[in-house]
Amino acid sequence: MRSRNVRSQNALAHKLARAPYGAWAALFILVPLIFVAYYAFTDSSMHFTLENITKFFTARSTVTADDGTQQEVRTYMVIFWRSVRLAVISTVICLIMGYPIAYIIARASARVQKIAITLIMIPMWMNFLIRTYAWMTVLQDTGILNNFLRLLGLGSIHIIGTESAVVIGMVYDYFPYMILPIYSVLAKLDPKLLEAAQDLGCSSFATLRRVVFPLSLPGVVSGITMVLIPSISTFYISQKLGNGKFFLIGDAIEGQYVANNLHFAAAIAFILMVILLIAMAFMRRFTDSRVQGGV
Amino acid sequence: MKRIIELRGVSKAFDGETVLDAIDLNIYDNEFITLLGPSGCGKTTTLRLIGGFETPDQGDVVFLGERINDLPPHKRNVNTVFQKYALFPHLNVYDNVAFPLKEKKVPKAEIHEKVTEMLKLVKLTGFEKRNVTRLSGGQQQRVAIARALVNHPQVLLLDEPLGALDLKLRKDMQQELKNIQKATGITFVFVTHDQEEALSMSDTIVVMSEGRIQQIGTPIDIYNEPENAFVADFIGESNILDGVMRQDFRVTFSGHTFECVDKGFEKNEPVDVVVRPEDVDIVSKDKGMLQGVVTSVTFMGVHYEIIVDIGGFKWMIQTTDFVDVDEEIGLFIEPDAIHIMKKSEYSGMFGDYSSFSMELDELSYAESEPDE
């Protein structure tokens, strides 16, 4: 009887302890999402409408290509696919560069691991706007990079205002988010598994291909998710490093918001969210079946 | 017998601490050889040197007459069953066993045939599609054995493979491993700290302590003719006494001169005398060669384990006769129950049961469980 009382008291205490977190989550996660959805499906007089959603898919505008020819395109679809393309390129670069780095760190001594991870995390402590501005000064035609190249007598390159500059900015910003999840999976990998692979006839490369990589897939997937998703919706980077020439979906949302088109901004955000959720669910599914050994 | 592996004067140190001290060891074809010793004696390091996971600081590892010190593990015709099995969690049972064959680019049909044969050998037919992480410890063990044997290595290394299994399963697996070894004819090098396991499975036992080999021999030799106090104490229970060899076949200990079967010692040479607890007969006080007082009696099922105080030295005796605590008894020891050993660095360290308690014994075993 007594223990039962204690238990129910405990349960109550647990509930009370959880309550502030629940309220917090509701206030800052759930309510904003509801607002986004609400605004996406209403017009300025708060009546239900699908207009904002359809506008995203159908709005057209005329663009002038570099050779002067004019073309009519679906504005937001173009912006959306451009965002996806740049985000995918950035993610692939992050993965190709990040995986070996994560692997090398995970194999290093405990001391080196600690230092390396701290070094990787330090840039994350700085505001990304400041970091983006820093890249502007590096990449400008008269910036640090070009001054350095000229010093070496290699001439200068024009990079600011190109897609490359935007990709560099994205890769730089999201690189740690690729390394850290891969590193944490690799660091936990049982070294006996690597010895077993060698014992069973695998060279170092075969061990990497047949054991290390498949077992690190969960880290790779969460790395991809953590880079791809924020880089699809990123803004400012393209405005600053792309000289505003590569309008991305994040910039579109920001633009509509600044122009006080709250309902359309909400609609774009809502559509983006739905697409990303579907993509994530798809990815989870893929990795679950891989990681479980396809049983 | 064909010699497969030779260790010649192999030494190994980690962080300046000597783990192996000039080991010489021959391993022969079709042999079940066990490296036995307490935690930290160097047995696992010896295994890893043979497997190629460590290179010796000094000395040579020789495989069929060829020095292989620097040959990487994947080029050695030796496979390992790891302590915690090290199965690949992303592969099912079939693919784990097929793993080494795929690396060798064996044709699919042949892989299927070999994997099926191996799973049959370890009694896991029908488990092909199972996820290895959902198997029991004993089943994982079998997969690990099948995977290590599928390539038909010349030598199979087993690193305390039964340590994680419960007692009943361990006994079954001991028998089964022995059968697999006989059926395949592959040399097994088995590492354990469990002396019973070593005695019941091995053709040859290598007793190790502090990075040195103490004795190499058959289980019967090791048990009956231990070379020093360490071996006598580590293998089974032993009363180890200070004695003096009067002449051939005559030894004095505990204030009595006994007839024995050992010779070849110098006159009046101090020696260590081993008397196994099961080799002592309890007789009435007046008929005994030695007299003592029973200080404790423990019922063990098959026998009683009693501790007898003889002149301040506590003997352990295993008997089926009931005696009571504080009873005065006599001991009778046959000549062939007495084994004489030369004095060694281990003299005086073992073989007195004055501080003996079952609990302590178990505790010290539990402590020596973890991997060195």
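These legends walk through a few close-up views of a predicted model.

**Figure 1**
Before zooming in, let's get our bearings. Chain B has 372 residues, and 41% of them count as buried. Its C-alpha trace spans about 80 × 45 × 40 Å along the principal axes. If you count up the secondary structure of chain B, you get nine helices and 20 strands. Now look at the contacts in chain B with a separation of 6 or more: residues 24 or more positions apart account for 68% of them.

**Figure 2. Where chain B touches chain A.**
Here 22 residues of chain B are in contact with 19 residues of chain A. Which elements of chain B give two or more residues to this side? They are strand E6 (78-81) and helix H2 (93-103). H2(B) gives the most, with three residues. As for the kinds of residue, the side of chain B that touches chain A has 10 nonpolar, seven polar and five charged ones.

**Figure 3. Helices H4 and H5 of chain B, side by side.**
This view picks out H4 (residues 137-149) and H5 (residues 167-184) of chain B, whose axes come within 12 Å. Those axes cross at roughly 15 degrees. Because angles under 35 degrees count as roughly parallel, H4(B) is roughly parallel to H5(B). The crossing of H4(B) past H5(B) is right-handed. On the H4(B) side, look for Gly138(B), Gln141(B), Ile145(B) and Leu149(B). They meet Leu169(B), Met173(B), Ile180(B) and Thr184(B) in H5(B). By class, the contact of these two helices has five nonpolar and three polar residues, with no charged ones.

**Figure 4. An open sheet of five strands in chain B.**
Read across the sheet and the strand order is E13-E12-E11-E14-E20, with antiparallel pairing. Which strands stand at the edges? Strand E13 (256-259) and strand E20 (338-342) of chain B do, and each has a single partner strand, so one side of each is left without a neighbour in the sheet. The sheet isn't flat, either: going from one strand to the next, the twist averages 40 degrees.

**Figure 5. A closer look at strands E14 and E20 of chain B.**
Let's stay with the sheet and zoom in on one pair. How many bridges join E14(B) to E20(B)? There are five, and the two strands run antiparallel. E14(B) covers residues 269-275. To find your way along the pair, look for Val275(B), which stands opposite Ile338(B) in E20(B).

Notes
Residues are numbered from 1 along each chain as its sequence is written. Chains are lettered from A and ligands numbered from 1 in the order in which they are written. This is a predicted model: local features need pLDDT of at least 70, side-chain atom pairs count only at pLDDT 80 or more; totals for chains, interfaces and linings use all residues. Two residues are in contact if their C-beta atoms, placed from the backbone, lie within 7 Å. Helices (H or I, at least four residues) and strands (E, at least two) are DSSP runs, numbered from the N terminus. Ala, Val, Leu, Ile, Met, Phe, Trp, Tyr, Cys and Pro count as nonpolar, Asp, Glu, Lys and Arg as charged, and the others, Gly among them, as polar. Axes are lines fitted to C-alpha atoms, for helices over the stretch in contact, and angles run from 0 to 180 degrees between N-to-C directions. Angles under 35 degrees count as roughly parallel, over 145 as roughly antiparallel, 65 to 115 as roughly perpendicular and the rest as oblique. A crossing is left-handed if the near helix is turned anticlockwise from the far one by less than a right angle, and right-handed if clockwise. Two strands pair if DSSP finds at least two bridges between them. A residue is buried if 20 or more other C-beta atoms lie within 10 Å of its own, exposed if 12 or fewer, and partly exposed in between; C-beta atoms are placed from the backbone.
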